[in-house]
Amino acid sequence: MTAPSANADKTIETIRAALAPHGLFLRGTVNFASGEAAPLLADGRPAASVVLVGNIGGSLWQPFDAWRCSVADRGGTDPLDNWSKAVIQPIAAACGATAYFPSDPPWQPFQQWAMRAEGLKPSPLGILIHPRFGLWHGYRAALGFDIPLGDTGERGTDHPCDRCSEKTCISACPAAALAGERFDVALCRGHLRTGAGRAGCLAQGCLSRDACPAGSRYRYPPEQLRFHMSALEV
């Protein structure tokens, strides 16, 4: 694998600057070795690298909400996905990259890329936990390139869950959805159908997620929490 070039570094800085007004950040790079499984670029060649794009805390909320208020249908049935594409696709096109989105087939291994790019591990909730941002971050897209690129994220070596003895995320779950080996989606959704669930997690955000002490200062604002939880409303 060839080393990233000066032109590659310039490309990274151009993308970083274009994403900033939208509250989006470069969240790490994966360079693929020769023969390694890699996503296909628009021209059918395998990508040499992907750079992850995402939010840190509530960074994207104000730009996203302003866009949603500016369009007639408030962004359609999947407004955050539609906003992500509206913002990121032009940036990808301008720098000759191929954009991949978690909502689009063929489904790309975003979690695997994130673990590799930033050294993250899953929390008991299944959300990847970051040493600094905790559970308050996300990935909105990845950009594929035909050249290797330098690191763009904040690689962590310390996994917060490994040094957490109290496991407050587990005890805080009113549905006991984290009591088993894996997060029990059915128990969670069942609780959200109850009055307590609608008044608690659905209105305020996941109580287990909120109980995690890691990265608490990056907690999403209340309106963003309500927006995300509304996707689980049944």
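Analyst: Trp 61, Phe 64, Trp 67, Trp 83 and Phe 227 form one aromatic cluster. The model is predicted, so local features need pLDDT of at least 70 and side-chain atom pairs pLDDT 80 or more, while totals for chains, interfaces and linings use all residues. Residues are numbered from 1 along each chain as its sequence is written, and side-chain values use heavy atoms, without hydrogens and water.

User: Why is the aromatic pair of Phe 110 and Trp 113 called tilted?

Analyst: Rings of Phe, Tyr and Trp (its six-membered ring) pair if their centres lie within 6.5 Å; planes under 30 degrees apart are stacked, over 60 edge-to-face, and the rest tilted. By this rule there are 10 aromatic pairs. For Phe 110 and Trp 113 the centres are 5.4 Å apart and the planes 55° apart, and the pair is therefore tilted.

User: What makes Lys 85 count as sitting over the ring of Phe 101?

Analyst: The rule requires NZ of Lys or CZ of Arg within 6 Å of the ring centre and within 35 degrees of the ring normal. The charged end of Lys 85 is 5.9 Å from the centre of the Phe 101 ring and sits over that ring.

User: How do you know that the length of helix 3 agrees with its number of residues?

Analyst: Helices are DSSP runs (H or I, at least four residues; strands are E, at least two), numbered from the N terminus. The expected span is 1.5 Å times one less than the number of residues. The 16 residues of helix 3 (residues 79-94) should therefore span 22 Å, and the end C-alpha atoms, 23 Å apart, agree.
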